[in-house]
Amino acid sequence: MPELPEVETVRRQLAVALPGKTFTAVDRIEPAMLRDCRSEEVLGTLPGRRVETLTRLGKFLVAMLTGDVFLTLHLGMTGQLLIDAEPTDAHTRFVFRLRDECSDPTMPELTTLEFRDARKFGRLHLTTGCPAPRLGLLGPDAWKGPWDREYLERKLYRRTAPLKAFLLDQRHLAGIGNIYADEILWWTGLSPLRPSGSLSEEEVTRLAEEIPCRLGEGVRLLGCTLSDYVDTEGNSGKFQEWLQAYGRHGQVCHRCGEIMVRTRVGGRGTAYCPGCQH
Ligand SMILES: [Zn+2]
């Protein structure tokens, strides 16, 4: 499932390709993936709108269009956004055509934006005036903020939920998923099972530092290996080697040599080291 670093990588690609371009046509729509709008509204609203900016909050991408229209996208489990991809396949859910404003309208100089999604958990919201209302329920972006150590301390205070469940809860911080939650906890030396409210001041400080640090590393790593072989789920050899916790149960901990174990927290598979994560 794409997490904040994967979504940020997609955002950077789209931010190069789309701003300044105007939607000319919508060739395909998947009604089951629409939120806050109907197919007819997408068909009626998008053509003629220019893309102004592409921003991100947590795992959501937001394209601001002319006329105060917002296209909010979530990749779900298996979503991919592709620019000028090879001919569409069975998992193509949306196809948009765009053109450069200054290009000759008689020339077939078009850009296609395709939303592929095998499992159809991805979402497309079309709204006017502000991005999808769903975004109002999210906490600040886990990587870019704005939030600080005091914010984290306040959110953790007296909570009994396990730390991993706290990190996955998008209402506290937006963008952390299963992979980065395991990684952040390994790097802070904290057990995913610790009650959230039980952290010492020093542990809160460490956690507050490690969250943006790990996510930033993920963005950097995906960005610099992207042109080679990273797909949107980050399944590259280099990426796998970089992981210290996620998927490493049964293997030796790189910090203390203990065998890492697997448990479930909040229904999610969780790998951690019983030797050095307390
Ligand atoms: Zn260890």
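**Reading the strands and domains**

Modeller: Strands β4 and β5 pair in the antiparallel sense, over six bridges. Keep in mind that this is a predicted model.

Biologist: What does pairing of strands rest on in general?

Modeller: Strands of a sheet pair through backbone hydrogen bonds, either parallel or antiparallel. Here, take β4 and β5 residue by residue. Leu65 stands opposite Val69 in β5. Phe60 stands opposite His74 in β5.

Biologist: How many residues lie between the strands in the hairpin of β4 and β5?

Modeller: Three residues lie between them, and Gly67 takes a positive phi near 80 degrees in this hairpin. β3 and β4 form a hairpin too, with two residues between them. Gly58 in that turn has a positive phi of about 55 degrees.

Biologist: How do β3 and β4 run, and how many bridges join them?

Modeller: They run antiparallel, joined by six bridges.

Biologist: Which strand do six bridges join to β5 (residues 69-74) in antiparallel fashion?

Modeller: That is β9, residues 123-128. Val69 stands opposite Thr128 in β9.

Biologist: Why is β4 described as largely enclosed?

Modeller: Five of the six residues of β4 are buried, so the rest of the structure largely encloses this strand.

Biologist: Which residues of α1 are buried?

Modeller: They are Leu4, Pro5, Glu6, Val7, Glu8, Thr9, Val10, Arg11 and Leu14.

Biologist: What is the strand order in the sheet of four strands?

Modeller: The order is β1-β7-β8-β6, again an open sheet, with antiparallel pairing. β1 (21-28) and β6 (79-83) stand at the edges, each with a single partner strand, so one side of each is left without a neighbour in the sheet. Neighbouring strands of this sheet are turned by 20 degrees against each other on average, direction ignored.

Biologist: How many bridges join β7 (residues 92-100) to β8 (residues 110-117)?

Modeller: Seven bridges join them, and the two strands run antiparallel. Within that pairing, Leu98 stands opposite Thr111 in β8.

Biologist: Now to the domains. Where does the domain assignment place domain 1 and domain 2?

Modeller: The assignment gives domain 1 as 4-137 and domain 2 as 149-272. Their centres, taken over C-alpha atoms, are separated by 30 Å. The contact takes eleven residues from domain 1 and 15 residues from domain 2.

Biologist: Which helix gives the most to the side of domain 1 that touches domain 2?

Modeller: Helix α1 (residues 4-17) does, with six residues. That side of domain 1 divides into five nonpolar, three polar and three charged residues.

Biologist: Is Ile211 buried or exposed?

Modeller: The cut-off for burial is 20 or more other C-beta atoms within 10 Å. Ile211 has 23 C-beta neighbours inside 10 Å, so Ile211 counts as buried.

Biologist: Where does Ile211 lie, and which residues does Ile211 touch?

Modeller: Ile211 lies in helix α6 (residues 201-225). Leaving out residues up to four places away in sequence, Ile211 touches Ala142, Leu173 and Ile184. As for Tyr246, 35 residues apart from Ile211 along the chain, the two C-alpha atoms are separated by 15 Å.

Notes:
Residues numbered from 1 in each chain as written. Predicted model: local features only at pLDDT ≥ 70, side-chain atom pairs only at ≥ 80, totals over all residues. Domains from an automatic or database assignment. Contact = placed C-beta atoms within 7 Å. Nonpolar A, V, L, I, M, F, W, Y, C, P; charged D, E, K, R; others polar. Buried ≥ 20, exposed ≤ 12 C-beta atoms within 10 Å, placed from the backbone. Pairing = 2+ DSSP bridges. Axes fitted to C-alpha atoms, helices over the stretch in contact; angles between N-to-C directions.
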